[in-house]
Amino acid sequence: MLVEQQMEQAKAICDQRGVRMTPQRMMVFALLLRQRKAQSAYDLLDALKLEMPHAKPPTVYRALDFLLEQGFIHKVESTNSFIACGHLGSAQHCSVLLICERCDAVVETHHHQIEHALNEQAQQHGFQVLQHVIETHGVCPQCQS
């Protein structure tokens, strides 16, 4: 799906939910959609400053909080960075992030059997799952060459 289509889909979801996709939020989301690698908040701030020279860290952090809350992005905990979600508008889903240790590329995949097994384990322990994000580190095909 093209970046513009994903942005329009996100905006439509926001309209349905009655939340506001501000221009700053759209700009941060667009920056994440255009990258193959996860981006830190400060990477995003540097890129945002090209279009909004007076942008400050709170602008980026507020946008990231909103995008996370809406399920439009994922936080890569191990690198304290962010990627766009490949399944906008989906209810909760299990994201398996494949993270290249050499080039920092991140690929989001989904595996329903893993999600089912995790939910089953959580249920056996009376645990309520809020989200699944599994991080797997390795080396991508391009870096293996």
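Select helix H2 and pick out its buried residues: Met26, Met27, Val28, Phe29, Ala30, Leu31, Leu32 and Leu33. Buried means under 20% relative accessible area, exposed means over 50%, and partly exposed lies in between (1.4 Å probe, protein chains only). Helices (H or I, at least four residues) and strands (E, at least two) are DSSP runs, numbered from the N terminus.

This is a predicted model, in which local features need pLDDT of at least 70 and side-chain atom pairs count only at pLDDT 80 or more, while totals for chains, interfaces and linings use all residues. Residues are numbered from 1 along each chain as its sequence is written, and side-chain values use heavy atoms, with hydrogens and water left out.

**Stop 1: around H2**

Stay on H2, residues 23-33. Eight of its 11 residues are buried, so the helix is mostly covered. Now show the neighbours. The buried residues of H2 pack against H1, H3, H4, E1 and E2. Contact here means heavy atoms within 4.5 Å.

**Stop 2**

Move to helix H1, residues 3-17. Select Asp15 and Lys11. They form a salt bridge, with the closest N and O atoms 3.8 Å apart. The term requires a side-chain nitrogen of Lys or Arg within 4 Å of a carboxyl oxygen of Asp or Glu. The structure holds one such bridge. Both residues lie in H1, four residues apart, about one turn of the helix. Asp15 counts as exposed because its relative accessibility is 54%. Lys11 is partly exposed, at 34%.

**Stop 3: a leucine in a loop**

Select Leu50. Its place is the loop between helix H3 (41-49) and helix H4 (57-69). Is Leu50 buried or exposed? With a relative accessible area of 74%, Leu50 is exposed. Draw a distance from Leu50 to Leu31: the C-alpha atoms are separated by 11 Å, and the residues are 19 apart along the chain.

**Stop 4**

Select strands E1 (residues 73-76) and E2 (residues 81-84). They pair in the antiparallel sense over four bridges. Two strands pair if DSSP finds at least two bridges between them. E1 and E2 form a hairpin with four residues between them. In the turn, Asn80 has a positive phi of about 50 degrees. Along E2, Ser81 and Ile83 point one way, Phe82 and Ala84 the other, and all are buried.

Now centre on His74 in E1. At 8% relative accessibility, His74 counts as buried. Its bridge partner in E2 is Ile83. Which side chain makes a polar contact of 3.1 Å with that of His74? It is Ser95. A polar contact is a pair of N or O atoms within 3.5 Å; within protein, one must be able to donate a hydrogen and the other to accept it, and residues adjacent in sequence count only if both atoms are side-chain atoms. Not counting residues up to four places away in sequence, His74 also touches others, including Leu68, Cys85, His93, Glu108 and Val133.

**Stop 5: the open sheet**

Select E3, E4 and E5. The three strands form an open sheet in the order E4-E3-E5, with mixed pairing. E4 (106-110) and E5 (132-138) stand at the edges, each with a single partner strand, so one side of each is left without a neighbour in the sheet. Neighbouring strands are turned by 25 degrees against each other on average, direction ignored. E3 (residues 94-100) and E5 run parallel, joined by seven bridges. Zoom to Cys100, which stands opposite Gly138 in E5.

Finish with helix H5, residues 112-124. H5 lies across E3, E4 and E5, running at about 125 degrees to E5. Axes are lines fitted to C-alpha atoms, for helices over the stretch in contact, and angles run from 0 to 180 degrees between N-to-C directions.
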